[in-house]
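Hello,

Here is the structure we spoke about. Please open it alongside this note.

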Amino acid sequence: MRKIISTLIFFVLMLVLCLDGGVICGDGVEKGEGQFLTNIRQLTYQGKSAGEGYFSPDGKHLIFQSERDSENPFYQIYMMSLETGDTHRISPGTGKTTCSFIRPNSDEVLFASTHLDSDAKTKQQSEIEFRASGKKRRFTWDYDAHYDIFSAKRNGISLRRLTSAPGYDAEGAYSPDGNKIVFCSLRDAYPMEKLSPEDRKRMETNPGYFGEIYIMNADGSDQKRLTTWEGYDGGPFFSPDGERIIWRHFNENGMLADIYTMKLDGSDVRRLTDFGSMSWAPYYHPSGEYVIFHSNKHGFTNCELFLVDMQGEKEPVRVTFTDRFDGLPVFSPDGKQLSWTSGRTSTGDSQLFMAAWNHEAAREALQLSGKRSEAQAILPAVPAGTMKQGAVNDPIRKQPDEGRNGGHQFSPEITSADLQAQVYYLASDELEGRMTGTRGTQMAAHYLAGYFNEIGLKPLSDKGSYFQEFPFVSGSKLIPDQNHFQMVKEGDGKKTISFEVGKDFLPLEFTANGEVEGQLVFAGYGLSVSGSEVSRYDSYAGIDVKEKVVLILHHVPEKVDMKRHLELSRYAGLRYKAMLARERGAKALLVVIGPGSSGAGKLIPLSSDKASADSGISVVSVSGAVGEALFAGSGKNLGAVQAGLDGENPQIEGSFPLTEVRVKIATAVEQIKETDRNVLGFLPPGEGNEGAECVIVGAHYDHIGYGGVDSLAHKGEEGQIHNGADDNASGVSIVLELASSLAEERRKNPRTLKRGIVFALWSGEELGCLGSSYFAGHPAVPLKNVIAYMNFDMVGRLKENNLIVEGIGSSNAWGSLIEKNNVKAGFQVKLLHDPYQPTDVTSFYPKGIPVIHFFTGVHEDYNRPTDDPVTLNYEGMVRIAGFARSIVADLVKNAERPDYVKAAQPEEQRTEKVTRRTSWGTVPDFTGETKEGVRINTVKKDGPADKAGMKDGDVVIEIAGNKITNLYDYNYLMDIAGFGKPIEVTVLRNGRREKLTIVPAARK
């Protein structure tokens, strides 16, 4: 929750990211798919879709499956000549087929087919009619019990059945010598009468759980089971030398999968990945040096290809970076081509693609990849047929019923025990503070998705996922050998001086990359502020910077009065200064911290800028020594010029060309782009209400990890895990309880809900509402159908029966709903009208959606390591959840839709990020609506405000003569006032105005 920390900054950032449609998902550390793949081309075009292509041993043909028969909507098997492009069908043409392969040293092929099913044609016709209706099915793998494995000649004749056991037999592949076939079978689940009641239910909901790896001779004889592990084992292939088998293993509920290898007798099991996602379709490179596979690491709707080394010692390396599905990769026999299935088509339907493969680049990337964490790469030998659940140390894969909650059995009712179990897991040290984009949020996301699945919520993704992936910029990375800076002194004795990156200069995180050269111009503080004759300020007046390199001072004039300082500081952000230089035609901007400023001569560090776009101009920080060197020969002194500017001396020449100097600059900074995911579950409306409106109920599940810049840790607490029990495991647990309770009601009374409910758990809130703003820009349900959004953030500290409900000004309906339902709930409800709250409601209100936000107030443990589960009021959370449930129930049952009331957005919300350099030692009251100013809840002992005489309950109404009307003013003016200099603050105390002089401290 961002109630204290630069509310304005992150609100504006949220808006920027919401509008920015150009963000591309990427790891930020790899160079992109161009380093591995060239000449990428679509191979198949016919039919609705095609996929799973496998090369012939000579590399001249490809066998694949495709939906291209007008009389059969299901996949059939085809053979394509890679020399002529001719294609013909091999499979019978009736029923379904999948998973084909070409036998080495033979003209035979294999595939799985249901053509012997007596109802095959009836099913075909039914599917044709279903598709004609315009409906779409959620993708699931088809474990049709009529699938058996067949062999045939390449022209389709001599069809022979190889398996006849009851149940699904498919996913077959030949050994390199053509003598063996490895495949997947569900035969051990049959006859189903022998299954326990629990396993029968599993068979209905997750039949893949019973999939095991088998091996047999190429003629179908001597069929042997190799795996006995609980969970789906499938997709097997032989290694190039024929000595090992590689496959994918899913955990029990089918949410996670990783890549394993074993010997042909099932022994010597080795784990290659521990990826916290579904890792699928592994395939060896012919060299035997590495494996390629696909994974939904970056979201179920955007599977990508990855490489992993044969020992599983390194972190997998990402291969593809294109939106939509990339999967099922296969190398050509010579290892120089890659074929894979991709949705990067104009329609989004999957087709086969092919590209040239760079083997050396793959080897190099794996060598540079970091060591894999949280896994045992090589497992102890396991005798054939004895592999059991628990053989692998697998911390990410614990599901809600496997120990995350100490064996707690969840109830469909809202209970204190349920809430406590959820909070104790989400706010445990194991999740390391749930910082966006980390292992902690991945673990939390899988836990939450597992919970949604357990209570029967529907995934909102077309591919059956509870996840919505979103991109974000996690930081910036310097590329040292591509950054250069030279100063060329003109005139007699022309001299070139080279400077050292990291010592003498450093590009800023928002620099444009590239090389520039030009004459140097000094432009003072690089400011341009419009206004009256007195207030106007223009560093560029009277100088021409077009096609030149501009040198400016950081910050603003240091010796002006505080009111003037604050006026100018509004325009002092470096991104804004870079924009001013760019718009005036400058090639580059150099920034120096002058000798009269705090931190004189130091380089501005490369920091984490969450905006995704560069500034469109090269921007470089230079040291004080470099600044002096650039001034040398001009007849002027940097310190003297700054001193004149600091006092706004009208006699000083503050901007001028440095005609004796040219500079050559090369900048290269890589933005580190990562992804995280929202977790979305849908409770459909009751029977007969399909396509109806819906309510979104949400909370953010991320926090701030080990603290960092946003931590309010006390001395001695620095660097500890910030577990975020109240912020916001409390809100998440209430959403989970609401989902469980309402799902149970729908189960018992399926006709009662006239509207659906989206339960949404966001990540990225602590970085600026990134997840919710991405959803608002890429909605999983039409926003026009969303009648309201309800948010829960920091709802675990109910005290003295006081509950804050914010944003009720967004609809006239909220007042009556809250009044009605609080009769039973009995809270002392404080209603705040402003819908522009610094949490996830702000993603939805501008979209025309009424919002409310539940909040129990800020406290001393906010953004500290002490925000632990033991501090929460769980009985209070039960009451809040019950109150909220009754409001949700009214929203989904009542016919009337809440109206939307548009409120003006506060003008004080700035557009420029200001570094939080100062501390006053105050905690504002976020729950109070005062007529003017901001009430201070807590004045910390011995802090700057305490020393100045500020008291708890004071209302700050002016800072340095600037009127304070809300928290946006307060946070912004407090930050830009700086530290170490006295600042006058006016407060209201018992109705009387008091003037205080605060000397802000540097923020540690």
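Two strands count as paired if DSSP finds at least two bridges between them. Helices (H or I, at least four residues) and strands (E, at least two) are DSSP runs, numbered from the N terminus. This is a predicted model, in which local features need pLDDT of at least 70, side-chain atom pairs count only at pLDDT 80 or more, and totals for chains, interfaces and linings use all residues. Residues are numbered from 1 along each chain as its sequence is written, and side-chain values use heavy atoms, with hydrogens and water left out.

**The open sheet**

Four strands form an open sheet, in the order β14-β15-β16-β17. Their pairing is antiparallel. β14 (233–238) and β17 (270–271) are the edge strands, and each pairs on one side only. Inside the sheet, β15 (residues 244–250) runs antiparallel to β16 (residues 257–263), and seven bridges join them. Ile246 sits opposite Thr261 of β16.

**The chain overall**

The chain has 17 helices and 51 strands. Of its 1004 residues, 60% are buried. Buried means under 20% relative accessible area, exposed over 50%, and partly exposed in between (1.4 Å probe, protein chains only). Contact means heavy atoms within 4.5 Å. Among contacts with a separation of 6 or more, 69% are between residues 24 or more positions apart.

Start with β6 (residues 97–102). Six of its six residues are buried. β6 pairs with β7 (residues 108–113) in the antiparallel sense, over four bridges. Thr97 has Ser113 in β7 as its bridge partner. Five residues lie between the two strands of this hairpin, and Asn105 in the turn has a positive phi of about 60°.

Now β18 (residues 279–284). Six of its six residues are buried, so β18 is largely enclosed by the rest of the structure. Its antiparallel partner is β19 (residues 290–295), with four bridges. Ser279 stands opposite Ser295 in β19. This hairpin has five residues between the strands, and Gly288 takes a positive phi near 75°.

**His359**

His359 lies in helix α4 (residues 359–368). Buried or exposed? His359 is buried, with a relative accessible area of 18%. Leaving out residues up to four places away in sequence, His359 touches His285, Ser287, Glu289 and Tyr290.

**Arg993**

Arg993 is in strand β50 (residues 992–998). Beyond its neighbours within four places in sequence, Arg993 contacts Ile957, Glu958, Thr986, Val987 and Leu988. With Glu958 there is a side-chain polar contact of 3.5 Å. Asp954 is 39 residues from Arg993 in sequence and 9.8 Å away in space, C-alpha to C-alpha.

**A helix pair**

The axes of α14 (residues 813–825) and α15 (residues 874–893) come within 10 Å and cross at roughly 135°. That makes α14 oblique to α15. Angles under 35 degrees count as roughly parallel, over 145 as roughly antiparallel, 65 to 115 as roughly perpendicular and the rest as oblique. Axes are lines fitted to C-alpha atoms, for helices over the stretch in contact, and angles run from 0 to 180 degrees between N-to-C directions. Residues of α14 that meet α15 include Trp814, Leu817 and Ile818.

Best wishes

Methods:
Polar contact = N/O pair within 3.5 Å; in protein donor to acceptor, adjacent residues only side chain to side chain.
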